[in-house]
Amino acid sequence: MATPDESPSAKKWLPLEANPDVMNQFLWGLGIPLDEAECYDVYGLDEELLEMVPKPVLAVLFLYPITSQSEEERILQDSIKKEPSRSVYFMKQTVGNACGTVGLLHAVGNVTSEIKLLEGSFLDRFFKSTASMDPLERAVFLENDREMEVAHSVAATAGETEASDNVDTHFICFTCVDGELYELDGRRSGPISHGASSPGSLLQDAAKVIQGMIQKNPESINFNVIAISKKVEGA
């Protein structure tokens, strides 16, 4: 949710709550059919609790606190030149506190072959319109999209906590593309590969990376993990 590297005059939204119910209503309203996918809380990162999450998992959202250490790591990693994967749908974040929405767009944008978006819906139009854009062009497209801004505002005020634009936490997304686990963060220069993965092991692989991030901030409790799972017929 944290504000990206931006000017003081940059646009800022209210942050999206780490709440599966809020995110479900948001995504369903934007064009994901109710019987296609759903967000679920991940109550812990040990194997027994991960097994409770409905499968198959399409993507994982992780909310973590912004600290001086996490910022130093981000800057260091971004200084290392990487060849971005052309298969990964990635976008920058230019709107303050929009990381929840950007995380959801990263999640859906990389599984459009796995779920059926409603024809002509916002998400259907958004991904068709931005398919050939680069990450910054996609960010600008989102920033200027009044329909998404309104939808985000409605979702941001639907949570259980009072909405405030003064936050120090941030959403990122983990997804599997072409056999690799990617961390997608609109504040970074591009996708970060965390090695081999598969749709079947995505949740466990993401959990290992998340555990490492949590261990670096042992005194913080501002962590939250949400899985986006495909609904299976008859389940």
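This is a predicted model: local features need pLDDT of at least 70, side-chain atom pairs count only at pLDDT 80 or more; totals for chains, interfaces and linings use all residues.
User: What is the mean pLDDT?
Analyst: The mean is 88, and 83% of the residues reach 70 or more; pLDDT is the predictor's confidence in each residue, from 0 to 100. Over residues 1–9 the pLDDT is below 50, and this stretch has 34 contacts in the model beyond near neighbours in sequence. A contact means heavy atoms within 4.5 Å.

User: How many helices and strands?
Analyst: Eight helices and six strands, in the order α-β-α-β-α-α-α-α-α-β-β-β-α-β along the sequence. Helices (H or I, at least four residues) and strands (E, at least two) are DSSP runs, numbered from the N terminus.

User: How much of the protein is buried?
Analyst: Buried residues make up 51% of the 235 residues. Buried means under 20% relative accessible area, exposed over 50%, partly exposed in between (1.4 Å probe, protein chains only).

User: Switching to rings. How many aromatic pairs are there?
Analyst: The count is six. Rings of Phe, Tyr and Trp (its six-membered ring) pair if their centres lie within 6.5 Å; planes under 30 degrees apart count as stacked, over 60 as edge-to-face and the rest as tilted. One of the pairs is Phe122 with Phe126, stacked at 5.7 Å centre to centre with 25° between the planes.

User: Where do Phe122 and Phe126 sit?
Analyst: Both lie in helix H5 (residues 122–130), four residues apart, about one turn of the helix. Phe122 is buried at a relative accessible area of 4%, and Phe126 is buried at 1%.

User: And why is the pair of Phe126 and Phe127 edge-to-face?
Analyst: Because the planes of Phe126 and Phe127 stand at 85°, the pair is edge-to-face, with ring centres 5.5 Å apart. Phe126 and Phe127 are both buried.

User: Which residues form the aromatic cluster?
Analyst: Tyr89, Phe122, Phe126, Phe127 and Phe141 form one cluster.

User: What lies over the face of Tyr89?
Analyst: Arg138 does, at 4.0 Å from the ring centre. The rule for a charge over a ring is NZ of Lys or CZ of Arg within 6 Å of the ring centre and within 35 degrees of the ring normal.

Methods. Residues are numbered from 1 along each chain as its sequence is written. Side-chain values use heavy atoms; hydrogens and water are left out.
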